[in-house]
Amino acid sequence: MKKPKTYKINDTTYCMIDGLNRASIYLLTGKEKALLIDTGNGDTDLKAKVEELTDLPVIVVNTHGHFDHTRGNYLFGEAYISNKEAETLSRHNDPDWVVRLMTGELPKWARILFLRKLRKSTVYKPWKALPLPEEGYFELGDRRIAFFETPGHTQGSISLMDKENRILFTGDTTCSGVLLNLEESADVETFRDTLIKILQAAEENNVDTIYTGHTDSISNQEFLRRFIAHCNDLLNSRVPEEVLKSGISKQGNTTLKFKPDMIRKK
Ligand SMILES: [Zn+2]
């Protein structure tokens with residue numbers, strides 16, 4: 001297996017990328033320990049890359065339970081993850097289910113083309129899930145990384161705050177296109193409240209760089225404000241009826257897929 005493509009964010013923070021969907025994996029090093037945020041699709045030798053970057057013991061944490069963020073967990077044996085993600089994890093541990101999910105919207109020719117590659121990247125190998133409370137922190141020596149629950153894309157999604165370096169990691173919660181149309185997603189109102197919570201944390205800590213679960217979307221406070229306004233338009237029916245019924249809404253660079261019957265909290 002080849003190692004994942006890697007780039008340096010700063011002297012103690014790296015981003016690695018793997019998979020067809022360019023999942024982002026982050027390595028944060030402190031004086032005593034390192035923290036690995038997500039483990040990608042499991043189709044690269046992530047462990048060899050991590051060992052090349054640090055000699056420190058590595059703590060692994062998952063932002064949520066989707067296969068493209070947890071598949072490499074087996075390389076490290078265990079990972080911290082919210083136990084609200086247990087059901088999602090068990091669905092995503094089934095390679096056939098993942099293949100159906102990934103190819104469902106593709107035309108037939110593309111499905112065939114991607115199938116072999118996908119199968120290779122969706123093999124599940126076991127690892128131990130360590131429970132996470134709703135909020136807390138990981139102490140890496142001279143670097144403390146706080147985490148807090150940010151439900152939306154999934155109910156047990158978390159975000160992580162590196163106050164000192166003024167960086168936030170939000171998994172799939174603040175990508176330019178957010179999926180709330182999954183079985184495990186929250187409603188639009190909960191997602192809006194999560195965005196407000198993330199924005200407040202960013203403002204309080206003067207954070208303006210937000211790294212997401214897929215490299216192509218690095219976001220910031222302004223992006224969060226636009227996304228909150230977008231959600232408010234949906235919640236207050238300030239979008240055309242067809243949009244509310246279609247389950248997909250676009251405004252500028254924010255796109256939301258949602259379940260039409262789950263706009264507001266029930
Ligand atoms: Zn996801």
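The chain has eight helices and 16 strands. Keep in mind that this is a predicted model. The radius of gyration is 18 Å, close to the 18 Å that the globule rule gives for 266 residues, so the chain is as compact as a globular protein of that length. As for overall dimensions, the C-alpha trace spans about 55 × 50 × 30 Å along its principal axes.

Two more figures on the chain as a whole. Of its 266 residues, 41% count as buried. If you take contacts between residues at least 6 apart in sequence, 62% of them join residues at least 24 apart.

Now to one helix pair. Two packed helices are described by the angle between their axes and the distance between the axes. Here the pair is helix 6, residues 188-204, and helix 7, residues 221-235. Their axes come within 9 Å and cross at roughly 155 degrees. Angles over 145 degrees count as roughly antiparallel, and helix 6 and helix 7 are therefore roughly antiparallel to each other. The crossing of the two is left-handed.

Which residues make the contact? From helix 6 they are V188, E189, F191, R192, L195, I196, I198, L199, A202 and E203. Helix 7 contributes Q221, L224, R225, F227, I228, C231, N232, L234 and L235. Sorted by class, this contact of helix 6 with helix 7 has 13 nonpolar, two polar and four charged residues.

To recap the pair: helix 6 and helix 7 are roughly antiparallel, with a left-handed crossing and 13 nonpolar residues in the contact.

How values were computed: Residues numbered from 1 in each chain as written. Predicted model: local features only at pLDDT ≥ 70, side-chain atom pairs only at ≥ 80, totals over all residues. Axes fitted to C-alpha atoms, helices over the stretch in contact; angles between N-to-C directions. Helix = DSSP H or I, 4+ residues; strand = E, 2+ residues; numbered from the N terminus. Parallel < 35°, antiparallel > 145°, perpendicular 65-115°, else oblique. Left-handed = near helix turned anticlockwise from the far one by under 90°. Contact = placed C-beta atoms within 7 Å. Nonpolar A, V, L, I, M, F, W, Y, C, P; charged D, E, K, R; others polar. Rg over C-alpha atoms; globule rule 2.2 N^0.38 Å. Buried ≥ 20, exposed ≤ 12 C-beta atoms within 10 Å, placed from the backbone.
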